[in-house]
Structures are given as structure tokens and as C-alpha cells.
Amino acid sequence: MVGDVRISDQDRPGRDELVELYGSVSWGAYTHDPDRLVRALEGSMRVVTARRDGQLVGLARVVGDGVSIAYLQDILVHPDLHRSGLGRALISAVFEPLSDVRQKVLMTDAEPGQRAFYEAVGFTEVHDVEDGGLRAFVRFDPPA
């Protein structure tokens, strides 16, 4: 619980509430095909949700093998609850059973506030890792 918000790893949100939450943070790449968004959550290794008065107000999901890598694919908090500690709580909850996984990875856009947030929850930008020699690559293919 964060205030009056309940966090759960047993809740799978419905299509419409997913579209509403993802839309609230302007993630249009997800909301333009709601059925694909639902399938993405179904294929996730772990999903944690946050609800206030029954309304979906946050979500974190991880993809990966759960042994050597866990990729934080999505972390969303409704704008009304930004800076409430909910994002930190969701990240903690989604990774809680994955403490022995060595690589916890995420990729995000370059908004200035995001770096500070992710560093505050224990992430380091790849080029800043001190034991060095790391590179990160990404490939985006056009939607089918």
C-alpha cells in the first residue's frame, strides 16, 4: 500500500482500463492497438498493478527469463499520482521475487526527470557503469 493505493501482483487489468492508463501518460504507441497491448501484458513474466478505489492508477511489468535477465518493460503512474512514491513502490514490487537476477534492464526516453528517478531506484546509465566496457544496442522494426 502507498497511501490509499493497493499494489497487487494478482490483478490483470482489462483492455479499456489499460488503454485509459497508458493514454493518461501519452503512450500512444501502446494505445493505438489495444488488443496488442493486452497480449503484451499476457506475455509478460510479471505484472504488478496499483489501484485506488478500484481504478487502475499504476502498472509495472517485466519481461525476461527470470534467471539471468529481467527487463522492466513498462512503469506507469497516473499523472495525478506522480511524485507520490508509487513508481518506486511498483518497481520494488515487480522486482521483489527477482532479487537473484543479475541483469535488471530498462530503456526509456531522454526526459531529464527520468534519469533522476531511475537512478534513485538503483539503475545506472550504461555509459556510467564503473566496471565498464558495456555497450547497449537497440533495434526498432516498423510495425507489421
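1. Start with Arg61: its side chain reaches the backbone oxygen of Ala40 at 3.1 Å. That is a polar contact (a pair of N or O atoms within 3.5 Å; within protein, one must be able to donate a hydrogen and the other to accept it, and residues adjacent in sequence count only if both atoms are side-chain atoms). Bear in mind that this is a predicted model, where local features need pLDDT of at least 70 and side-chain atom pairs count only at pLDDT 80 or more, while totals for chains, interfaces and linings use all residues. Numbering runs from 1 along each chain as its sequence is written, and side-chain values use heavy atoms, with hydrogens and water left out.

2. Where does Arg61 lie? Arg61 is in strand β3, residues 55–64 (helices, H or I with at least four residues, and strands, E with at least two, are DSSP runs numbered from the N terminus). Despite its charge, Arg61 counts as buried at 5% relative accessibility (buried is under 20% relative accessible area, exposed over 50%, partly exposed in between, with a 1.4 Å probe and protein chains only). Leaving out residues up to four places away in sequence, Arg61 touches a list of neighbours that includes Tyr22, Tyr30, Leu41, Arg46, Tyr71, Asp74 and Val94 (contact is heavy atoms within 4.5 Å).

3. Arg46, one of those neighbours, has a charged partner of its own: Asp9, with N to O at 3.2 Å in a salt bridge (a side-chain nitrogen of Lys or Arg within 4 Å of a carboxyl oxygen of Asp or Glu). Asp9 sits in the loop between β1 (5–8) and α1 (15–24) and Arg46 in strand β2 (residues 46–52), so the pair ties together parts 37 residues apart in sequence.

4. Asp11 and Arg51 make another salt bridge, with the closest N and O atoms 2.6 Å apart. Asp11 belongs to the loop between β1 and α1 and Arg51 to strand β2, so this pair links parts 40 residues apart in sequence. Here Asp11 counts as buried at 15% relative accessibility, and Arg51 is buried with a relative accessible area of 15%.

5. How many salt bridges does the structure hold? There are ten. One of them joins Glu125 and Arg115, at 2.4 Å from N to O. Glu125 is in the segment after α5 (112–120) and Arg115 in helix α5 itself, so the pair ties together parts ten residues apart in sequence. Glu125 is partly exposed at 34%, and Arg115 is partly exposed with a relative accessible area of 34%. If you are looking at this region, treat the charges together: Arg115, Glu119, Glu125 and Asp128 are linked in a network of salt bridges.

6. Now helix α4, residues 86–95: seven of its ten residues are buried, so call it mostly covered. The buried ones are Leu86, Gly87, Ala89, Leu90, Ile91, Val94 and Phe95. What covers them includes β1, β2, β3, β4 (69–77), β5 (103–105) and α5. Val94 also turns up among the residues that Arg61 touches.

7. Last, the surface. Phe140, in the segment after α5, counts as exposed at 68% relative accessibility. Met107, Val138 and Phe140 form a nonpolar patch with about 340 Å² of accessible area together. Patches are made of residues with over 30% relative accessible area and no salt bridge, like charges being joined within 9 Å and nonpolar side chains (Val, Leu, Ile, Met, Phe, Trp, Tyr) within 5 Å. The areas come from the Shrake-Rupley method with a 1.4 Å probe, and for residues only the protein chains shown count as cover.
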